[in-house]
Amino acid sequence: MFGNRRMNRGLAALMCSLLMMMPGASLAEIVVDEVTSETGVNRIVKASVRAQDGETLTEEEKLIQDTTLLMIGGMLDMNFQQGRAEQIFANAQADSMRIRQTAHTYVGDNMISRALLWEGEQADGRNGYTAMCMNVNLTDGMPITFETMFTDANAAAQAMEAIISRDVLSGMSDYIERAELLPMPRDSFAFDEYGVTVYYDDDAYRTFDGLGGSVKIYWYEIDDFIGEGSPVYGISRPQIADADAIKNAGALFFGGHDMLALGAKLGDAMAACALTDEPDYTTVSKLYVVDDPAFRGASVEIPKYADTADEETPISVVRHTRVNWQGLTTGETTREDIIALLGEPEKTIAYDEDDAADMLLEPGESLLYTCTNYVLQAHVDGSGVLSCLMLRDAMPEEMLY
């Protein structure tokens, strides 16, 4: 969403004209710097841009680079009302919340995508919550819209809404105050190298903490709707199958948090990544789902009968049911594909309906491989398609109970 669309179109048109004048210009990479200011419970995040050091430019290239930086800086100031946010913050008291911001920014492949979540007093004086989003193609200065990302925007939206219905609405708590997730907004989104995050107004989707909710859709789930002419084509391509990377990886969560790794304390994961308060139970473990929308489909486990308090217990299993990782893709990769990539498994475990229910899996079969830092458990459903990937700290036992 753009706060001043007319002005932004003017800035973009000027930037586009300058870039077209020098199509072969060799410009330095643009860097987005973010400065967080905090006083008590209040926080603002201000963004600015600069050129990466080290490039030697001609006078003409320096001119267009400076103009590009000016244009992008102006867009950041206007879209995110940075001057007004600073005024509100300056009048905030440390012991009472007046304004609180959280930013999510991606810069790469000649693109900037940024979402700013603004809680408290808004730029127009009202009190509430706003998700502000800005997506810009740096090659021409034009905004990246939902329509420019996809070859068929309507079909892409339908596919995304089907995912929201399947993965979000189907398991949503009855205590959520507002959950009007469909139809999905197309003008409030940001993206990174892992997928698209759609942000909702708080009057449509309000979470337990009183803020607007969001949903993450991974690129692999919608890459069929992204053509080579899309500005996000490069970052949306599925990961290439890589057996060595799988066997030597240190964590499953692509783009994940360090606290969602094997051996991290559960309490640290809870603080960093919004795990569910109450666990589900397998026969041998407590399973905590990651509530953070950025990790849809992820969960972690600790032993059911650990000697330590749950918060102090190291994570023994991380699992993901919605992932494209090193060529292994849930819902797509078959048992034959896994063996072709990794070879015959060291061990297999069959799960009938009762066994699967005990382990919070689908009925099927797990293929197990001992890797450098963990045991990989690739679980396929009854049709032989990958349904869950797990990293374990030890080889599991067969279902003998």
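**Helix 10**

I began with helix 10, whose buried residues pack against helix 8 (243–248), strand 17 (328–329), strand 19 (364–370), strand 20 (375–381) and strand 21 (386–392). For packing I used contact, meaning heavy atoms within 4.5 Å. Helices (H or I, at least four residues) and strands (E, at least two) are DSSP runs, numbered from the N terminus.

A note on the source: this is a predicted model, where local features need pLDDT of at least 70 and side-chain atom pairs count only at pLDDT 80 or more, while totals for chains, interfaces and linings use all residues. Residues are numbered from 1 along each chain as its sequence is written, and side-chain values use heavy atoms, with hydrogens and water left out.

Which residues of helix 10 are buried? I found Ile338, Ile339 and Leu342 in helix 10 (residues 335–342). Buried is under 20% relative accessible area, exposed is over 50%, and partly exposed is in between (1.4 Å probe, protein chains only). Looking down the axis of helix 10, I see its buried residues within an arc of 95°, so they line one face of the helix. The arc is that of the directions from the helix axis to the C-beta atoms. On the face turned away from the buried side of helix 10, I noted the exposed residues Glu336 and Ala340. After helix 10 comes Gly343, with a positive phi near 85°.

**Rings**

How many aromatic pairs does a search of the whole structure find? I got six. Rings of Phe, Tyr and Trp (its six-membered ring) pair if their centres lie within 6.5 Å; planes under 30 degrees apart count as stacked, over 60 as edge-to-face and the rest as tilted. Phe146 and Phe150 have ring centres 4.8 Å apart and planes at 55°, so I logged the pair as tilted. Both Phe146 and Phe150 are buried. Tyr200 and Tyr205 make an edge-to-face pair, with 5.6 Å centre to centre and 75° between the planes. Tyr200 is buried at a relative accessible area of 2%, and Tyr205 counts as buried at 9%. I also saw Tyr106, Phe191 and Trp219 linked into a cluster by ring pairs.

Arg114 lies over the face of Phe80, 4.7 Å from the ring centre. My test for a charge over a ring was NZ of Lys or CZ of Arg within 6 Å of the ring centre and within 35 degrees of the ring normal.

**A loop residue**

Is Asp203 buried or exposed? At 52% relative accessibility, Asp203 counts as exposed, and I located it in the loop between strand 9 (195–199) and strand 10 (205–206).

**Whole chain**

I counted eleven helices and 21 strands in the protein chain. Of its 401 residues, 48% count as buried. Along the principal axes, the C-alpha atoms fill a box of roughly 70 × 50 × 40 Å. Among contacts between residues at least 6 apart in sequence, 57% join residues at least 24 apart.
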